[in-house]
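Let's take a walk through this structure together.

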Amino acid sequence: MAGTQETGHDGPVLSVDALRKTYPLPGGGRLTAADGIGFRVPRGGSLGIVGESGSGKTTVARMLVGLIRADSGTIAVAGHVRGSRPPRGRAARLARAREVQMVFQDPYLSLDPRLTGRQCLLTALRLHGAQAAAADERALRLLDQVGLGSREAEARPHALSGGQRQRLAIARALAVDPAVLVLDEAVAALDVSIQAQVLGLLEEIRRETGVALVFVSHDLAVVQYITDETLVMRQGRAVEQGPTPHVLADPQDPYTRALLAAVPREGWDPAEAVRTVRAR
Amino acid sequence: MTTTQPLLDIAGLTLELPGTARPLLAEVTLQVRTGEVLGLVGESGSGKSTTAKAALGMLPAGGRTEGRVTVDGTDVLTLRGEALRAHRARTVAMIHQDPRAALNPVRRIGDFLTERLAHAGVTDRRAARARAVELLGAVGLPDPARHVRQRPHELSGGMLQRVVIAGALAAEPRLLLADEATSALDVTTQAEILDLLRTLRAERETGMLFITHDLHLAAAYCDRVLVMYAGRIVEQQPAPALFAHPRHPYTRGLLGCSPTLGGTAADLRPVPGRPPSLAESFPGCPFAARCPEAEPECETWAPVVSPLEPEGGPVPNGPPVPAGEAACRRLPLAASVAPATHGATGASGASTASGASEASAASGAEAAR
Ligand SMILES: Nc1ncnc2c1ncn2[C@@H]1O[C@H](COP(=O)(O)OP(=O)(O)OP(=O)(O)O)[C@@H](O)[C@H]1O
Ligand code: SF4
Ligand SMILES: [Mg+2]
């Protein structure tokens with residue numbers, strides 16, 4: 001089984017401080033998509049980022065991977081601050097790729113339709129400098145790790161189910177042995193049976209490899225299964241953060257209370273939920 | 001049974017399309033009564049939307065259909081031309097997941113509503129305008145007079161879903177079909193829309209077929225819930241009973257893998273395998289390959305839906321609703337089949353089924369590989 005890179009660093013794998021991002025508004029002025037976001041995730045730890053649509057979750061996720069550049073603030077992986085400029089040269093690119101990898105909601109869009117599962121992983125492995133023989137072996141091990149069999153290994157994305165595609169996307173993200181895996185609504189589109197399988201897989205992977213997870217989701221019930229800490233975002237700001245069981249059992253912020261009250265469950269009354277939401 | 005005829009009555013509906021290995025719908029039977037919310041749950045491809053479309057008389061062309069669909073006494077599948085258009089415009093209304101898909105982006109909200117009203121017979125322009133404003137108020141939009149002049153991009157997803165609901169109400173339909181109507185919304189907005197739909201139902205006594213993949217939502221919102229798998233109904237019970245005592249192994253599997261607030265990772269038990277496609281056919285019970293309780297006989301057992309004994313025996317002064325039904329050969333024969341052995345079959349049978357689940361769990365998982 002793969003082991004996440006040992007860094008010799010004892011502090012948190014991921015340290016984020018005072019992250020800020022604004023976008024220009026059409027009528028002038030700027031929209032603050034994220035502001036003052038900071039957190040730590042230890043090796044093998046897992047942080048959930050929750051909030052309504054438009055609260056800034058995906059903006060934070062994209063800054064972590066480097067898809068968008070923060071206006072200010074720092075992101076450090078294993079004590080090493082991630083630069084805002086793209087890395088130069090193969091070694092620097094690999095080093096950066098090994099810091100943070102991302103899995104999206106719709107794996108279909110991020111997978112090359114022409115490549116079989118095995119080819120997809122081989123491509124990722126070779127891109128990052130693995131020798132042919134070693135890459136072959138590692139690809140098979142990754143497929144096995146995410147529970148894809150030999151049939152799926154030789155299938156192209158269109159011939160895989162949603163859950164299988166998501167497993168492949170996770171395997172590809174793990175190919176470079178990243179220190180941090182960011183998942184943005186990665187199980188939102190899956191059927192509950194498949195969603196539970198993927199959640200179980202992620203749990204297993206973080207136990208076995210020590211990869212740190214950042215799990216972005218609008219679904220509080222899902223977040224609770226997979227995270228140690230939760231950060232609740234509203235209008236770009238963290239309104240509450242702390243150990244997941246505490247945040248869910250004893251929410252301090254009215255917005256967190258509203259989010260929780262709105263989750264349907266037995267005996268739930270939407271009218272009462274609406275009152276809590278309006279009172280926030 | 002009851003004296004009032006059901007609003008929606010689907011009886012033995014089977015639908016086969018050329019080039020598929022199994023029917024899209026197989027012997028689907030269900031009823032929605034006036035003022036009732038019937039939940040329809042099941043994983044992707046189980047046939048939920050197709051069932052709802054049947055009530056609109058919108059089954060895929062080129063298929064072979066068996067069975068009957070009646071809405072308010074009208075045989076829907078034989079409707080043609082003007083009668084079918086009137087049925088879709090007035091008697092039944094559908095609310096989909098994505099409100100943006102239902103609204104023309106370049107047209108004003110008011111035009112969308114007056115058009116719906118015209119279909120419903122309100123042709124006087126001034127009357128239609130006034131009614132449009134009224135409808136927007138009825139669905140809780142803050143500033144109806146302004147919203148009628150706005151275009152879809154000026155409103156949020158939750159507001160647009162209210163507009164779509166206003167459009168659905170334009171003709172005062174007897175039956176609402178809500179197909180994942182709140183799935184694309186934030187939980188807080190979802191609560192608002194559900195609150196609205198519940199109020200409207202109470203005021204107007206419409207019946208509702210409520211499709212969702214969220215079991216906890218179905219539990220909280222519906223009166224009765226029906227579970228579909230591979231085009232078949234595998235279980236139906238009043239909502240509280242279904243969630244307190246799910247009987248079919250698939251229902252229990254779905255509940256076991258549905259995230260619950262307050263649950264822990266250990267409680268989440270994935271169902272092995274995945275929902276079947278139309279290319280897969282089954283000589284016996286369609287769930288056999290994934291069922292932790294399957295026995296060799298299940299592979300050849302043709303599924304039949306049988307009545308269930310209510311947990312704890314019949315309810316003395318309860319409402320005249322059928323207690324429930326399920327299609328699993330390992331569940332006990334129900335009251336109507338063997339009236340003399342009521343309580344005994346119910347209790348002992350349930351414990352046999354759950355006891356067997358541990359013993360055969362390993363073989364079930366293997367079968368799914
Ligand atoms: N017009 C059609 N022609 C061919 N196949 C169809 C047609 N409509 C639906 N199907 C197929 O029938 C099956 C049932 O589809 P349906 O849309 O009813 O499922 P569903 O339960 O609503 O799923 P979901 O939860 O994904 O919405 C699926 O396999 C689907 O691909
Ligand atoms: S026990 Fe047999 S009949 Fe019942 S659901 Fe499982 S496979 Fe089907
Ligand atoms: Mg559907």
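What follows moves from the annotated domains to the contact between the chains, and then to the ligand.

Keep in mind as you look that this is a predicted model. In chain A, UniProt places the feature "domain: ABC transporter" at residues 14-260, from an unreviewed entry. That span is 41% helix and 26% strand, and its end C-alpha atoms lie 27 Å apart. Turning to chain B, the UniProt annotation "domain: ABC transporter", again from an unreviewed entry, covers residues 8-255. Here the chain is 42% helix and 24% strand, with 27 Å between the end C-alpha atoms.

Now bring both chains into view. The size of an interface is often given as the accessible area lost when the parts come together. Between chain B and chain A, about 2900 Å² is buried, and carbon and sulfur atoms give 64% of that area. Which residues of chain B lose the most area to chain A? They are Val187(B), Thr188(B) and Leu261(B), which together account for 21% of what that side buries. In terms of contacts, 34 residues of chain B meet 35 residues of chain A.

Finally, zoom in on ligand 1. The residues around it include a run from Glu43(B) through Ser44(B), Gly45(B), Ser46(B), Gly47(B), Lys48(B) and Ser49(B) to Thr50(B). Also surrounding ligand 1 are Leu17(B), Leu24(B), Pro60(B) and Leu278(B). By class, this shell has four nonpolar, six polar and two charged residues.

Some of these neighbours make polar contacts with oxygen atoms of the ligand. A side-chain N or O atom of Thr50(B) is 2.5 Å from an oxygen atom of ligand 1. Backbone atoms take part as well: a backbone N or O atom of Gly47(B) lies 3.0 Å from a ligand oxygen, and a polar backbone atom of Ser46(B) is 3.2 Å from one. Overall, the protein covers 61% of the 640 Å² of accessible area that ligand 1 has on its own.

Note on methods. Residues numbered from 1 in each chain as written. Chains lettered and ligands numbered in written order. Predicted model: local features only at pLDDT ≥ 70, side-chain atom pairs only at ≥ 80, totals over all residues. Heavy atoms only, no water. Near = heavy atom within 4 Å. Polar contact = N/O pair within 3.5 Å; in protein donor to acceptor, adjacent residues only side chain to side chain. Areas by Shrake-Rupley, 256 points an atom, 1.4 Å probe, with all protein chains shown as cover. Nonpolar A, V, L, I, M, F, W, Y, C, P; charged D, E, K, R; others polar. UniProt positions renumbered as here; feature names shortened; annotations may be inferred. Helix = DSSP H or I, 4+ residues; strand = E, 2+ residues; numbered from the N terminus. Contact = heavy atoms within 4.5 Å. Buried area = accessible area lost by both parts, 1.4 Å probe.
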